[in-house]
Amino acid sequence: MLTVLLLAGAEKLINLAIASDEITKSGLAPLAGKVLRLNMAMPDIRLDILFTHERLRFEPVTTESVFEQRGAMNEHQQATMERARIGH
């Protein structure tokens, strides 16, 4: 809950700054319709940043992957994912 409130505050502040600068606003045009996914380990935050022509939108990520899971991961897949998560 706190994370959502912090994200909403950050989104509002960033969008206010974007709205006050025409150069930055015009720089968003090529990114319109695109999504940037951020996966941070410390603090543990996963969020999508959605770009429009005039603003950003932050959305917390509720799934581990951008793709649907077909079934449970086996032990090897789980270990590989954990290893990748810690940066090896």
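The legends below walk through several close-up views of one predicted protein model.

**How to read these views.** Residues are numbered from 1 along each chain as its sequence is written, and side-chain values use heavy atoms, leaving out hydrogens and water. Since the model is predicted, local features need a pLDDT of at least 70 and side-chain atom pairs count only at pLDDT 80 or more, while totals for chains, interfaces and linings use all residues.

**View 1. The whole chain, element by element.** Let's start with the overall layout: the chain holds 3 helices and 3 strands, and along the sequence they follow the pattern α-α-β-β-β-α. Helices (H or I, at least four residues) and strands (E, at least two) are DSSP runs, numbered from the N terminus. Of the 88 residues, 16% are buried; here buried means under 20% relative accessible area, exposed over 50%, and partly exposed in between, with a 1.4 Å probe and protein chains only. The accessible surface comes to about 7,300 Å², and 61% of that belongs to carbon and sulfur atoms. Accessible areas come from the Shrake-Rupley method with a 1.4 Å probe, and for residues only the protein chains shown count as cover.

View 2. Helix α1 runs over residues 2–19, and its 18 residues should span 26 Å at 1.5 Å a residue, which agrees with the 26 Å between its end C-alpha atoms. (The expected span is 1.5 Å times one less than the number of residues.) Which residues of α1 are buried? They are Leu7, Glu11, Asn15 and Ile18. These residues cover an arc of only 60° around the axis, so they sit on the same side of α1; the arc is that of the directions from the helix axis to the C-beta atoms. The buried residues pack against α2 (22–27), β2 (45–51) and β3 (56–60). On the face turned away from the buried side you can find the exposed residues Leu2, Leu5, Leu6, Lys12, Leu13 and Leu16.

**View 3. Glu11 and its partner Arg55.** Glu11 belongs to helix α1 and counts as buried because its relative accessibility is 15%. Not counting residues up to four places away in sequence, Glu11 touches Arg55, Leu56, Arg57 and Phe58; a contact means heavy atoms within 4.5 Å. The side chains of Arg55 and Glu11 meet in a salt bridge (3.6 Å, N to O). This pair links distant parts of the chain, with Arg55 in the loop between β2 and β3 and Glu11 in helix α1, 44 residues apart. A salt bridge is a side-chain nitrogen of Lys or Arg within 4 Å of a carboxyl oxygen of Asp or Glu. Arg55 is partly exposed, at 38% relative accessible area.

View 4. Because they are 3 residues apart in helix α2, about one helical turn separates Glu22 and Lys25. Glu22 is exposed at 54% relative accessibility, whereas Lys25 is buried at 18%. Arg57 is partly exposed at 42% relative accessible area, and Glu59 is partly exposed at 27%.

**View 5. A nonpolar patch on the surface.** Leu36, Leu38 and Met40 form this patch, with about 220 Å² of accessible area together. Leu38 lies in strand β1, residues 35–40, and counts as partly exposed at 30% relative accessibility. Patches are made of residues with over 30% relative accessible area and no salt bridge, joining like charges within 9 Å and nonpolar side chains (Val, Leu, Ile, Met, Phe, Trp, Tyr) within 5 Å.

Technical notes
Expected span 1.5 Å × (residues − 1).
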